[in-house]
Amino acid sequence: MNRNSLRHRVTFFYVALLAVALLTFSVAVYLGVRAFITRSLEHSLSMNASTILTDYIKPLDSKGSAWFQNEMSESYPTGVSDTFVRVSRGQEVLYETGEMRGLPISASALASAGDADTSGEVNRTYTKSGQEILTYTLLYRQPQGDPIVIETGATTEPIRHVLRSLFLILLTGTPIILIAAALGGYVLMAHALRPVETLTEQAERVGREDLGERLPVIPSGDELERLSLALNRMIERLEETVAHNRRFSADASHELRTPLTIIRGELEVVMQTPMLSPALIEGIGSALEESDRMSHIVESLMTISRLEGGSEQMAMMPVDLIALATETLDHMSLLAEEKEIKLTCATSGSIYVMGDAMRLKQVVANLLDNAIKYTPANGSVAMSIAAEGSLAALEVSDTGIGIPVDALPLVFERFFRADKTRSRGSGGIGLGLAIVKSICIAHHGTVTVSSIEGHGTTLRVELPLLHEWTALKTAEQVSVVTTHHVESLPERKSSVKERHPVIGTH
Ligand code: ADP
């Protein structure tokens with residue numbers, strides 16, 4: 001699980017934002033509900049007091065205290081509600097409810113708050129057990145006698161009960177919403193990013209073999225479509241540049257071929273001239289050697305350009321890789337003997353691949369030549385070939401000088417030589433492995449290198465087995481048909497061809 005992935009980051013930020021929003025919302029709801037129900041309770045207490053005043057106190061003188069007692073006990077019975085009522089005149093209590101429901105406290109147990117100062121106000125009092133009670137006092141001044149104090153009160157327990165329930169709902173609801181949002185967001189992001197995944201996978205493949213493949217374009221009209229179209233145009237431009245470079249390299253080597261042959265011919269003619277001074281003979285010999293070297297470079301460059309450009313006509317046929325490799329090894333044994341290097345191949349039997357025998361021989365020869373070249377006397381070079389799954393794997397290992405770690409990714413580059421002095425001294429031009437790579441790619445194969453400096457090097461070539469080749473070709477045809485479908489998009493160049501991706505790295 002990649003924590004830095006866009007999917008993770010977007011989901012995280014989205015959930016964090018939602019958490020802040022939910023928290024703010026919950027606090028606002030809690031405070032709002034608390035204020036609302038407290039105000040409602042206060043309002044109902046003041047309404048009760050007003051009702052008592054207008055309905056029962058004002059007609060008290062005319063209707064008598066028996067009527068008053070009767071009406072009050074009917075309207076405000078004891079112990080059936082969460083509220084209490086007390087009506088008093090001076091020290092005389094005209095009416096009071098008994099104990100409140102669910103709270104064994106009588107109105108008389110509460111200190112009277114009724115005086116002129118607190119009239120029309122809501123007060124908070126607390127019982128001994130800490131129970132909060134809201135009281136509302138209304139003072140009624142009569143023309144004669146002491147003023148009448150009407151007290152209505154209620155416990156805040158129902159408010160606390162509602163608020164506790166609300167708090168619990170918010171406390172459990174918020175995490176549930178957050179978890180659901182996180183999961184939902186994660187799934188949605190996966191869905192939204194699927195085209196990006198496809199683009200990434202396809203982009204990884206583009207350029208492994210050649211730049212012929214294009215990214216899939218989903219005509220959704222969104223940013224992703226624009227991105228894939230832009231990337232495709234970029235690949236197209238890259239492809240044109242690469243093709244231009246290849247053409248240049250192919251043309252240059254082709255043009256150099258003829259003058260080089262002429263120079264060589266002329267030098268050979270001059271060499272035949274009698275009475276040449278030894279210094280001249282040496283000079284001409286050296287010039288001939290260099291022209292040979294140049295011819296070799298030009299030929300190698302042409303081979304690579306043709307292989308990479310796909311213009312190389314290869315005679316593809318079923319080839320027994322073991323027979324071909326052991327035969328090449330036999331040819332190289334003299335070279336190994338000269339350097340007192342032990343050259344071995346423990347493989348027997350037959351492993352068939354589809355390929356151009358001459359080119360495949362060139363691969364084996366280049367690998368063995370390098371192994372012998374870069375292995376000091378008394379070292380050993382071992383070759384092995386095995387079928388591994390759908391691949392034929394050919395390995396050439398030596399006990400030679402090895403390759404520095406930082407040079408490893410570059411050994412397949414043209415003209416790269418890890419140790420220029422030593423390589424040039426042994427005739428190396430830095431094109432052998434570039435040719436091997438081009439041939440492998442042309443055979444839908446890979447070549448990889450592993451090495452420990454000072455201990456030895458192993459080069460491994462993997463080629464599809466014969467039966468795999470048929471499957472590969474069928475898949476390639478299907479891929480080309482699919483490509484034609486995609487090519488109907490306006491931005492797609494009709495000349496672009498799709499190729500099956502090469503497995504692995506070079
Ligand atoms: P060259 O003609 O110089 O041998 P190659 O393309 O065949 O060119 O190889 C590129 C470079 O990789 C060589 O110059 C050498 O430094 C390194 N190299 C290749 N094979 C081996 C090997 N078996 N052992 C050590 N170094 C090697």
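Modeller: Let's begin with D369, which is partly exposed, with a relative accessible area of 27%. Keep in mind that this is a predicted model.

Colleague: Okay. Which side chain does D369 meet in a salt bridge?

Modeller: That of K373. The N to O distance is 3.7 Å.

Colleague: Where do D369 and K373 sit, and how many residues apart are they?

Modeller: Both are in helix 8, which covers residues 357-373. They are four residues apart, so about one helical turn separates them.

Colleague: How many salt bridges does a search of the whole structure find?

Modeller: The search finds 17. One of them joins the side chains of E308 and R414, at 2.7 Å from N to O.

Colleague: Which parts of the chain does the E308 and R414 pair tie together?

Modeller: E308 lies in helix 6. R414 is in the loop between strand 12 (391-398) and helix 9 (420-425). So this pair ties together parts that are 106 residues apart in sequence.

Colleague: What about accessibility for those two?

Modeller: E308 is partly exposed, at 27% relative accessibility. R414 is partly exposed too, with 31%.

Colleague: Let's move to E395. What does its side chain meet?

Modeller: The side chain of R460, in a salt bridge of 2.7 Å from N to O. This pair also links distant parts of the chain. E395 is in strand 12, while R460 is in strand 14 (residues 456-464), 65 residues apart.

Colleague: Is R460 buried or exposed?

Modeller: R460 counts as buried, because its relative accessibility is 17% and the cut-off for buried is under 20%. E395 is partly exposed, with a relative accessible area of 23%.

Colleague: Which residues are linked in a network of salt bridges?

Modeller: E388, E395, R460 and E462.

Colleague: New topic: rings. How many aromatic pairs turn up in a search of the whole structure?

Modeller: Three. One is F12 with F13, an edge-to-face pair. Their centres are 5.7 Å apart, and the planes are at 65 degrees.

Colleague: Are F12 and F13 buried or exposed?

Modeller: F12 is exposed, at 57% relative accessible area. F13 is exposed as well, at 55%.

Colleague: And which residue pairs with Y30?

Modeller: F167, again edge-to-face. It is 6.3 Å centre to centre, with 75 degrees between the planes. Y30 is in helix 1 (residues 6-57) and F167 in helix 4 (residues 157-205), so the pair links distant parts of the chain, 137 residues apart.

Colleague: What sits over the ring of Y186?

Modeller: The charged end of R7, 3.7 Å from the ring centre.

Colleague: Last topic, backbone angles. Which residue has a positive phi of about 60 degrees?

Modeller: M275, although it is not a glycine. M275 is in the loop between helix 5 (223-272) and helix 6 (278-309). It is exposed, at 83% relative accessibility.

Definitions and conventions
Residues numbered from 1 in each chain as written. Predicted model: local features only at pLDDT ≥ 70, side-chain atom pairs only at ≥ 80, totals over all residues. Heavy atoms only, no water. Phe/Tyr/Trp six-rings, centres within 6.5 Å; stacked < 30°, edge-to-face > 60°. Buried < 20%, exposed > 50% of the residue type's maximum accessible area, 1.4 Å probe, protein only. Helix = DSSP H or I, 4+ residues; strand = E, 2+ residues; numbered from the N terminus. Lys NZ or Arg CZ within 6 Å of the ring centre and 35° of its normal. Salt bridge = Lys/Arg side-chain N within 4 Å of Asp/Glu carboxyl O.
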